[in-house]
Amino acid sequence: VDNWTLIDRITSPTLIVRAERSPVLTPDMAQGLRAGIRGARLVEIPEAYHHLVLDRPQQFVAAVDAFLGEIGLGRTD
């Protein structure tokens, strides 16, 4: 199945988080996702490999927190 043909069906707010050194999600693939999903936001975490949650957990959480705030689902504490 070519999942790329389904990308334009995504309508929910979407954050694509890419690790700068990821060999799995290449820069071109990440840009393709961003271009194919209307309104998607792409954030790249520097100095992280594919397991960015383990490599740079604070930066990952900050990116997700910022995105959730932008779409009105941020923290209220």
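View 1. In strand β2, Glu-44 is the bridge partner of Arg-18. Helices (H or I, at least four residues) and strands (E, at least two) are DSSP runs, numbered from the N terminus. The model is predicted: local features need pLDDT of at least 70, side-chain atom pairs count only at pLDDT 80 or more, and totals for chains, interfaces and linings use all residues. Residues are numbered from 1 along each chain as its sequence is written, and side-chain values use heavy atoms, with hydrogens and water left out. Arg-18 and Glu-44 also form a salt bridge, with the closest N and O atoms 2.6 Å apart; the term stands for a side-chain nitrogen of Lys or Arg within 4 Å of a carboxyl oxygen of Asp or Glu. Arg-18 belongs to β1 (residues 15–19) and Glu-44 to β2 (residues 41–45), 26 residues apart. Arg-18 is buried at 3% relative accessibility, whereas Glu-44 is partly exposed at 42%. Buried means under 20% relative accessible area, exposed over 50%, and partly exposed in between (1.4 Å probe, protein chains only).

View 2. In β1, 4 of the 5 residues are buried.

**View 3. Arg-21 and Glu-47 between two loops.** A salt bridge joins the side chains of Arg-21 and Glu-47 at 2.7 Å, N to O. Arg-21 lies in the loop between β1 and α1 (27–36) and Glu-47 in the loop between β2 and α2 (52–55), so the contact ties together parts 26 residues apart in sequence. Both residues are partly exposed, Arg-21 at 36% and Glu-47 at 39%.

**View 4. Backbone at Glu-47.** Glu-47 is not a glycine, yet has a positive phi of about 60°. Most residues other than glycine have a negative phi.

**View 5. Arg-41 and Glu-70 between β2 and α3.** The side chains of Arg-41 and Glu-70 form a salt bridge of 2.9 Å, N to O. Arg-41 is in strand β2 and Glu-70 in helix α3 (residues 57–70), 29 residues apart. Arg-41 is partly exposed, with a relative accessible area of 29%. The count of salt bridges comes to 3.

Conventions:
Pairing = 2+ DSSP bridges.
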